[in-house]
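Here is a short note on the model, as numbered points. Please read it with the structure open.

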Amino acid sequence: MNIQRIHHVAYRCNDAKETVEWYQKVLNMKFQLAIAENEVPSTKAPDPYMHVFLDAGNGNVLAFFEIPNSPPMGRDQNTPAWVQHIAFEVASLEELVEAKEHIQSLGIDVIGPVEHTIFQSIYFFDPNGHRLELAANTAKPGMLDELERVAPAMIEEWSVTKKAPQHAAWLHDGSFESKS
C-alpha cells in the first residue's frame, strides 16, 4: 500500500451553513462541495446529514457533517480542550501575525503566537468548539532531521516511563547545534 495523501478529514458541526460561512470568512477557505443524504451509505441507517467540504490548500480537504437527528454535540470531557485540534500551516511569521490580526478583528479570541522552536502558532476556536491552530515553520537547518533521528528512542522511552524523554530538550532550552 502507498498512501498518497489525506483525502479529507471530517468533523461534526452544529450548522453546516454557518460552518461553511465561518471558514470562508475567517480562514478564506473555498467551499468545494456538499453531499446530502437521508440514508447513511455505509450503514444504511435512516439518518439525514449534510456533508460539506472545504479547500484547506494544496489538495487538503476539511469536511464537516451536520447530523440534525443526533443528540447535541459535545466533547470528550476526559481530554483537555487543547489536545484535539486542527492545525493549518501558513507561509511565514508575517502571515501568522496578519492572520491573528484578521481573526481578532472578527471578535474571535486568539492565543499566541506561541514559540515551539521549530514553528510558532496561534490558537482559537471555530463556532463548533473545535480548536484550530495556524502554524508558521521556523526550524533551523538540521532541527527536523535531529527530531526524526531521536524519534524512535523517544517513543521507546515514553512507552516505559510515561515521562518526557530528554532527547530533544534543545527544543526548550535553546541548546541546538547544527551538525551540518
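1. A patch here is made of residues with over 30% relative accessible area and no salt bridge, with like charges joined within 9 Å. A salt bridge is a side-chain nitrogen of Lys or Arg within 4 Å of a carboxyl oxygen of Asp or Glu, and the place of a Glu charge is taken as CD. Asp and Glu count as negative. Accessible areas come from the Shrake-Rupley method with a 1.4 Å probe.

2. The model is predicted: local features need pLDDT of at least 70, side-chain atom pairs count only at pLDDT 80 or more, and totals for chains, interfaces and linings use all residues. Residues are numbered from 1 along each chain as its sequence is written, and side-chain values use heavy atoms, leaving out hydrogens and water.

3. A surface patch of negative charge brings together Glu94, Glu95, Glu98 and Glu101. Glu94 lies in helix α2, residues 93-105 (helices are DSSP runs of H or I, at least four residues; strands are runs of E, at least two). Glu94 counts as exposed because its relative accessibility is 55% (exposed is over 50%, buried under 20%).

4. Strand β7, residues 119-125, has five of its seven residues buried. Strand β6, residues 111-115, pairs with β7 in the antiparallel sense over three bridges (pairing needs at least two DSSP bridges). Val114 has Ser121 in β7 as its bridge partner. Three residues separate β6 and β7 in their hairpin, and Thr117 in the turn has a positive phi of about 70 degrees.

5. β7 also pairs with strand β8, residues 131-137, in the antiparallel sense over seven bridges. Phe124 has Leu132 in β8 as its bridge partner. This hairpin has five residues between the strands, and Gly129 takes a positive phi near 90 degrees.

How values were computed
Patches are made of residues with over 30% relative accessible area and no salt bridge: like charges are joined within 9 Å, nonpolar side chains (Val, Leu, Ile, Met, Phe, Trp, Tyr) within 5 Å. Buried means under 20% relative accessible area, exposed over 50%, partly exposed in between (1.4 Å probe, protein chains only).
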